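Here is a short report on one protein model and its ligand. Look at the structure first, then read on.

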Amino acid sequence: MSSRILVDLAKLMKVRDDEGLMKRERVISSAQGAEITVAGGKKVLNFCANNYLGLASHPEVLEAAAETLRTRGFGLSSVRFICGTQDIHRELERRTAEFLGTDDAILYSSCFDANGGVFQPFLDEECAIIADQLNHASIIDGVRLCKAQRHVYSHCHTGTGLRNFDGRELPGLEDILMLDSVRNARYRLVATDGVFSMNGDIAPLDAIVDMCDRHDALLMVDDSHGTGYIGRTGRGSLERHGVLGRADLVTTTFGKACGGASGGVTAGRKVLIEWLRQTSRPYIFSNTMAPPVVGGTLKVLDIIERSTELRDRVHENAAYFRNGIKKAGFSIIDGETAIVPILFGMYPNDAVLVQQFADDLLEEGIYAIGFFYPVVARGQSRIRVQLSAAHTREHLDMAIAAFEKVGKKHGITG
Ligand SMILES: *Cc1c(COP(=O)(O)O)cnc(C)c1O
């Protein structure tokens, strides 16, 4: 092996470290939940999981997964079209399609794979993709895998006119839809997250659906942070905006609100989904979800469909936390999801500060993570708190008190 790459990487790593940009993983030695144990045995409250409904360790989900392990085994040792399809995989596809208001759905081992395999089968160099500037990395990568022209619009800006968001001046969605090259494309496809994970805001999907209808564009929504708890019955951002069933393609993950294990899905019209089964590379060339995960996820859908109790509780918890943290003197991005970004970009050395702040919170028994460049733009560092139905009032009060205490230490709050 050439030693040059080792030397180069060591240098790059040192620069990252000096800038305070190294990600360090904390080790958990318990199951996922509101209360977890971190390495060394300390018990802390978890405020940074995507476990919005608290289903990651729900007894009914564990039992369903264990029962499926006994009846369908651990793994399938094959991709779907050879001998990797069980009855329960078809059942989960049917149930998910029904839940999302579409004809059919196709499973992947992750939503990253769903997004990696959703553009290239439909779009070539005669087509155009128009994407929100804050789309998830997996959408960006999926778009890179196809040859369509690419356009980016200013975050959630559906109209016309340049707009500066996060230091980038970009046109609105309608500006791009009116470009000659886009109007003359064979297909136009608008791609957006439903809920944006770093800001916790929801795409204005009612306006986007209208815009797509007017300009004869397809719409793809990745609702990974919305499925399960956004909208009156948890069907996600499209339900929230009264347009459930009106996106052409919906991708989402089972790795967040829906049990948090793993698995992704693309839902849509029958012919689109069938085409993906024939041509989508991460589907054809990679194993799908493991049977116990499928069994557990089917139970998750039962739980979500039988009552809105957990969904209601996470929203109550988010409202309570938002209110308390603002009263404590912190700046947040307001919103209606269970993601509450607490902003540190206005302070000097914000990347270093959020990490120090998160370390101090952990000392106080609160586990939350600081995000900094390149995960968010430079000068936009934040601690992202995520609420769960599994949090109690006491948990929320303890978190707010810890933020106040650490805030005082760093001279941020009174
Ligand atoms: C988390 C996330 C993904 C990736 O989901 P996995 O199933 O973990 O691969 C994709 N898109 C968005 C918007 C996400 O938030």
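## Basis

Helices (H or I, at least four residues) and strands (E, at least two) are DSSP runs, numbered from the N terminus. This is a predicted model, in which local features need pLDDT of at least 70, side-chain atom pairs count only at pLDDT 80 or more, and totals for chains, interfaces and linings use all residues. Residues are numbered from 1 along each chain as its sequence is written, and side-chain values use heavy atoms, with hydrogens and water left out.

## Around the ligand

Helix 5 (residues 111-116) gives the most to the shell around the ligand: three residues. A residue counts as near if one of its heavy atoms lies within 4 Å. The shell has 13 residues, and Cys 111, Asp 222, His 225, Thr 253 and Lys 256 come nearest. By class, two are nonpolar, eight polar and three charged. Here Ala, Val, Leu, Ile, Met, Phe, Trp, Tyr, Cys and Pro are nonpolar, Asp, Glu, Lys and Arg are charged, and the others, Gly among them, are polar.

Polar contacts are pairs of N or O atoms within 3.5 Å. A backbone N or O atom of Cys 111 lies 2.8 Å from a ligand oxygen. In the side chain of His 225, an N or O atom is 3.2 Å from an oxygen atom of the ligand. His 136 has a polar side-chain atom 3.4 Å from a ligand nitrogen. Taken alone, the ligand exposes 390 Å², and the protein buries 82% of that (Shrake-Rupley method, 1.4 Å probe).

## Pocket and cavity

Both are found on a 1 Å grid over the protein atoms alone: in a cavity a 1.4 Å probe fits but cannot get out, while a pocket is an open set of points with protein on both sides within 12 Å along at least five of seven lines; lining residues have an atom within 4 Å of a point. A volume is the space filled by probe spheres set on the points, which are joined across faces, edges and corners.

The second largest pocket holds about 180 Å³. Of its 14 lining residues, Ala 56, Val 61, Leu 62, Ala 65 and Ala 261 are the closest to its centre. Helix 13 gives the largest share of this lining, five residues. The lining has ten nonpolar, four polar and no charged residues.

One cavity of 30 Å³ or more is counted. The largest cavity has a volume of about 50 Å³. Its lining divides into two nonpolar, six polar and no charged residues.

## Salt bridges

The structure holds 31 salt bridges (a side-chain nitrogen of Lys or Arg within 4 Å of a carboxyl oxygen of Asp or Glu). One joins Arg 90 and Glu 93, at 2.6 Å, N to O. Both lie in helix 4 (residues 87-100), three residues apart.

Methods: A polar contact is a pair of N or O atoms within 3.5 Å; within protein, one must be able to donate a hydrogen and the other to accept it, and residues adjacent in sequence count only if both atoms are side-chain atoms.
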